[in-house]
Amino acid sequence: MSTPSLLILPGDGIGPEVMAEVRKVIDWFGDKRGVAFDVSEDLVGGAAYDAHGVPLHDDTMARAQEIDAVLLGAVGGPKYDDLDFSVKPERGLLRLRKEMDLFANLRPAQCFDALADFSSLKKDIVAGLDIVIVRELTSGVYFGEPRGIINEGNERVGINTQRYTESEIDRIARAAFELARRRGNKVCSMEKANVMESGILWREVTQRVHDADYADVELSHMYADNGAMQLVRAPKQFDVILTDNLFGDILSDCAAMLTGSLGMLPSASLGAPMANGRPKALYEPVHGSAPDIAGQGKANPIACILSFAMALRYSFDMGEDASRVEQSVEKVLADGMRTGDLLGPEGGKSSSTTEMGDAIIAALDASL
Ligand code: IPM
Ligand code: MG
């Protein structure tokens, strides 16, 4: 295959800081493993707005369509709160997801042993946790029409539409079943079939896909509100959770806390295979731009580094190297290194963003 290409979009807030640590890991693969990536960098979100007046320039969008994998930091910040909705930083990210048709968002929530004490839940509830949320990413209420704020009589009305076609449900259900087969072989699908027609259709199509082509996978259905409760009550009952765009957004933040910190969670957003066989792909941490700590060297780079590990696994077929990165992170945590977000109520010494990145590089060196 050709030289693997990466488009890096650091974005806003802590995005550039955590991405700088990912760059070290990318360079490490060039220096120590002989895997050189063709890396380019561009702007997204508020950073793109400042430069071009739009949260994603058309040229950047075009480059993203050509690249093997996009790595994104984070978008948004209070500086952009008053911007018109159409040019808000988040619109840049949503445009990438939509135009690249990245319908399958994989959000693993794994609790590293060393962090089991740091979750807000009791240790035995989360120790050894290993689940993946498969979130539909290009449809549902995020993109449904009609939408907007309209005038009705003497007041305004805010409108969004939850909308799913059978084919959209079909393809995301398949993605979840395929993933489950490579893991614990269990899918729990979450919707609100008790109050939403889109939920009724979601349940029906998921069951149909299962019965036709994935009868070997264990499938269950759950209302999403109960799912939220079960996630904090007994998260280890799950293997793969399949859900829509909005429920997936909410449930994945909830799942993130099970792992000790939002600073730990990577994600992969995958679309259809391109001509070279690699899927359209964007990798990003689940956490946001964290403006309150931006620029202070406090951010945890692990979620972003683990997102790069997901790129190695899903875009570049380098599963062993992905595991090498994941094990290096685990080792550094086991050695007791913590960024501020990983300190429990008892406190302790916190390391900076760069110290964490350097320690992970040292652990990678030691893995050779
Ligand atoms: C996420 C984020 C995004 C979302 C925002 C930044 C648009 O919360 O990736 O979970 O709502 O999808
Ligand atoms: Mg979110």
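User: Where in the chain is Ala 290 found?

Analyst: Ala 290 sits in the loop between strand 12 (279-285) and helix 10. Note that this is a predicted model.

User: Which geometry, cis or trans, has the peptide bond from Glu 145 to Pro 146?

Analyst: That bond is cis, and its omega is near 0°. Pro 146 belongs to the loop between strand 5 (130-136) and strand 6 (148-152).

User: How is the protein chain divided into domains?

Analyst: The assignment gives two entries: domain 1 covers 1-105 + 265-368, and domain 2 covers 120-259. Their C-alpha centres are 24 Å apart. To the contact, domain 1 contributes 14 residues and domain 2 contributes 18 residues.

User: How much area do domain 1 and domain 2 bury between them?

Analyst: The size of an interface is often given as the accessible area lost when the parts come together. Here domain 1 and domain 2 bury about 1,400 Å², with 60% of it on carbon and sulfur atoms.

User: How many salt bridges and polar contacts cross between the domains?

Analyst: As a general idea, side chains of opposite charge can pair when their charged atoms come close. The interface of domain 1 and domain 2 has 1 salt bridge. Arg 171 and Asp 101 form a salt bridge in which the closest N and O atoms are 3.0 Å apart.

User: Which elements supply the side of domain 1 that touches domain 2?

Analyst: Helix 4 (89-99) and strand 4 (104-110) each provide at least two residues of that side. Helix 4 gives the most, with 4 residues. By class, the residues of this side of domain 1 are 8 nonpolar, 2 polar and 4 charged.

User: How many salt bridges does the whole structure hold?

Analyst: The search finds 25 salt bridges. One case is Asp 42 with Arg 63, at 2.8 Å from N to O. Asp 42 is in the loop between strand 2 (38-41) and helix 2 (46-52), while Arg 63 is in helix 3 (residues 58-66), so the pair links distant parts of the chain, 21 residues apart.

User: How many aromatic pairs are there, and why is the pair of Phe 29 and Phe 308 edge-to-face?

Analyst: There are 7 aromatic pairs. For Phe 29 and Phe 308, the ring centres are 6.0 Å apart and the planes are at 70°, so the pair is edge-to-face; planes over 60 degrees apart count as such.

Note on methods. Residues numbered from 1 in each chain as written. Chains lettered and ligands numbered in written order. Predicted model: local features only at pLDDT ≥ 70, side-chain atom pairs only at ≥ 80, totals over all residues. Heavy atoms only, no water. Domains from an automatic or database assignment. Contact = heavy atoms within 4.5 Å. Buried area = accessible area lost by both parts, 1.4 Å probe. Salt bridge = Lys/Arg side-chain N within 4 Å of Asp/Glu carboxyl O. Nonpolar A, V, L, I, M, F, W, Y, C, P; charged D, E, K, R; others polar. Phe/Tyr/Trp six-rings, centres within 6.5 Å; stacked < 30°, edge-to-face > 60°.
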